[in-house]
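User: Could you take a close look at one part of this structure, the nonpolar core, and explain carefully what is packed there and what lies beside it?

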Amino acid sequence: MSTDKGLRRTIEAALADAARRTGLPVASLSVISAEDLTWSDGSLGCPQPGAAYTMALVPGHRIRIRAQAQTLDYHANARGHLVLCPAGRSIAPTPVSSR
């Protein structure tokens, strides 16, 4: 599966989840940003207190969606596992050196 196709599927899943959570139609939502990136561990940049995670780099995506005045921050792995990350819990991905 190509990265573009994987990102597109993740965006569709995030939009569907955002519509369900907000009660708004998908057409009224807007994608602020959508990017491929690498998370520093299995928490996908959204660790839950008390949870243990795989300590390995995880390829994935970050999608930010605007729903009226609200911004929803979705984190995902490359296989499509999607997490809505609450405000204040998001950790930026660690830059990966190409060396």
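Analyst: In this predicted model, Ile63 is in contact, leaving aside its neighbours within four places in sequence, with Leu7, Thr10, Ile11, Ala14, Val31, Ser33, Ala34, Leu72, Asp73 and Tyr74. Ile63 belongs to the largest nonpolar core, which has 13 residues, and it is listed there with Ala18, Leu29, Ile65 and Tyr74 as having the most contacts inside that core. The elements that give two or more residues to this core are helix H1, which covers 3–22, strand E2, at 58–67, and strand E3, at 70–77, and the largest share, 6 residues, comes from H1.

A second, separate core of 7 residues includes Leu37, Leu44, Cys46 and Val83. One of these, Cys46, is also joined to Cys85 by a disulfide, with an S to S distance of 2.3 Å. In general terms, a disulfide is a covalent bond between the sulfur atoms of two cysteines. Cys46 lies in the loop between strand E1 (30–39) and E2, while Cys85 lies in strand E4 (residues 82–85), so the pair ties together parts that are 39 residues apart in sequence. The torsion about the S-S bond of Cys46 and Cys85 is about 100°, and the disulfide is therefore right-handed. Because buried means under 20% relative accessible area, Cys46 counts as buried at 3%, and Cys85 counts as buried at 4%.

For contrast, consider the loop between E2 and E3, where Gln68 has its place: with a relative accessibility of 61%, Gln68 counts as exposed.

Note on methods: Residues are numbered from 1 along each chain as its sequence is written. This is a predicted model: local features need pLDDT of at least 70, side-chain atom pairs count only at pLDDT 80 or more; totals for chains, interfaces and linings use all residues. Side-chain values use heavy atoms; hydrogens and water are left out. A nonpolar core is a set of buried Ala, Val, Leu, Ile, Met, Phe, Trp, Tyr and Cys residues joined through side-chain atoms within 4.5 Å. Buried means under 20% relative accessible area, exposed over 50%, partly exposed in between (1.4 Å probe, protein chains only). Helices (H or I, at least four residues) and strands (E, at least two) are DSSP runs, numbered from the N terminus. Contact means heavy atoms within 4.5 Å. A disulfide is a pair of cysteine sulfur atoms within 2.5 Å.
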